[in-house]
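Dear colleague,

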Amino acid sequence: MFVDRAKINIKAGDGGDGCTSFYTEKYVANGGPDGGDGGKGGNIVFVADSRKSSLIDFRYEKHFRAENGSRGASRYCSGKGGNDLVIKVPKGTVIRDAESGGIIADMFDENSRVVVLEGGRGGKGNARFKTGRRQAPHFSQTGEKTLERTVLLELKTIADVGLVGFPNVGKSTLLSVISAARPKIADYHFTTLSPNLGVVKYYDDSFTVADIPGLIEGASAGAGLGHHFLRHIERVRLIVHVVDISASEGRDPVEDYRAINKELENYSKTIAETEQIVALNKSDILESDEAVERFKKETGVKDPVLISAATRGNLDTLIKTVYEKLSQLPPLEAMRFEPFKYASRDTDGFTVSRDTDGAFEVSGGMIDELARKVVLDDYDSMNYFQRRLKEGGVINALRLAGAKDGDIVRILDIEFDFID
């Protein structure tokens, strides 16, 4: 099964908690704090792998979580860092934030590696909080918690040439005879249900060709299978527009040509402006040149290449024409975009609100960060907490919000009376 879109949830590892410990040994009194730091959480890393051709791995597995950091230990032992979670995706996969649609990364190059989410920082052990005035801190810091994110994966096939045209015009047959690709071929519509890639040799050089599943009228608006595969044309440098000049399916070659170009234009102006070579296929069953002359006259295409994929007629001319056109075009490039990055954790902001019972509540990134560092039943830790509230502007903000002596204030899990 070919899957070229997937939505998954990813989460970097949480940081490990710091350790609260005091050195103890026989005949050693008051050994002092020796709690080690917690380990850093693992990152979420995406890697491009050319051996993968679809996003089928993400059809049923939707949640990916990196390993958490380990807790610190006594004797100044730091906790083990969590292992990174490496997620392998096919070359050409575009990673987007599901909420904003912003592009995080374009996995264009083989083995390209992108860290999408950073693991949480480990908490500091109590040995870190020892000072000249505070010889025995009975508190440590908890590890940083990370947020789960949802991302969209979209596969955009990387190829030099894209074969486009109505179903059953001979694209798959053409790919099979000019390359080593072996797509499924049969004489009915929509045989091709996924893009097929092949490498075409031209003397000592080569180029890649993608057979894009058959488009139909209305594909750019969601009709048929083509809507799902139009994105695979976005990267190609050259389009080979395959037309059944024999009208063996009962369709008009001129109308087919115009209809496909209209769908490309409706989907993307950039794709519509991509260089095209027109290949008039199934020439082996033409009875006269009238159809070819009519096609040239009504479409304005001056030099279409007349071929027969079934009998391999004139394919050398087509390959030469494609190669020469490619040599004049710029090389394949990754998408140009402003990378989307998840906002770093807020550790300074806070808001003051008032509950229905009249109490003031303080919340926000600064308060969450304090929660990692404060042990409410420790005297030294509580002094640090009160000092940070004053230095961080929380007390002034409460005054501005209308707090007066005796008003109730809620911060974290504690409730106290405001004293000005």
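This is a predicted model: local features need pLDDT of at least 70, side-chain atom pairs count only at pLDDT 80 or more; totals for chains, interfaces and linings use all residues.

Helix α3 runs over residues 253-267, and its 15 residues reach 21 Å from the first C-alpha to the last, close to the 21 Å expected at 1.5 Å a residue. At its N-terminal end the helix is capped by D252, a side-chain oxygen of which lies 3.1 Å from the backbone nitrogen of V254. V254 is also one of the buried residues of α3, which include P253, D256, Y257, A259, I260, E263 and L264 as well. Among the elements that cover these buried residues are β9 (161-164), β12 (238-244), α4 (269-272), β13 (276-281) and α5 (290-299).

As for the cysteines, the structure holds 0 disulfides. C19 is in no disulfide, and the nearest cysteine sulfur, that of C77, is 9.1 Å away; because a disulfide needs sulfur atoms within 2.5 Å, this distance is too far for a bond. C19 counts as buried, at 9% relative accessibility, whereas C77 is partly exposed, with a relative accessible area of 38%.

Finally, Q141 is found in the loop between β7 (113-117) and β8 (149-155), and it is buried, with a relative accessible area of 5%. Leaving aside residues up to four places away in sequence, Q141 touches D17, G18, G122, G123, K124, F129, E369, R372 and K373. The C-alpha atoms of Q141 and A105, which are 36 residues apart along the chain, are separated by 34 Å.

Key: Residues are numbered from 1 along each chain as its sequence is written. Side-chain values use heavy atoms; hydrogens and water are left out. Helices (H or I, at least four residues) and strands (E, at least two) are DSSP runs, numbered from the N terminus. The expected span of a helix is 1.5 Å times one less than its number of residues. Buried means under 20% relative accessible area, exposed over 50%, partly exposed in between (1.4 Å probe, protein chains only). Contact means heavy atoms within 4.5 Å. A polar contact is a pair of N or O atoms within 3.5 Å; within protein, one must be able to donate a hydrogen and the other to accept it, and residues adjacent in sequence count only if both atoms are side-chain atoms.
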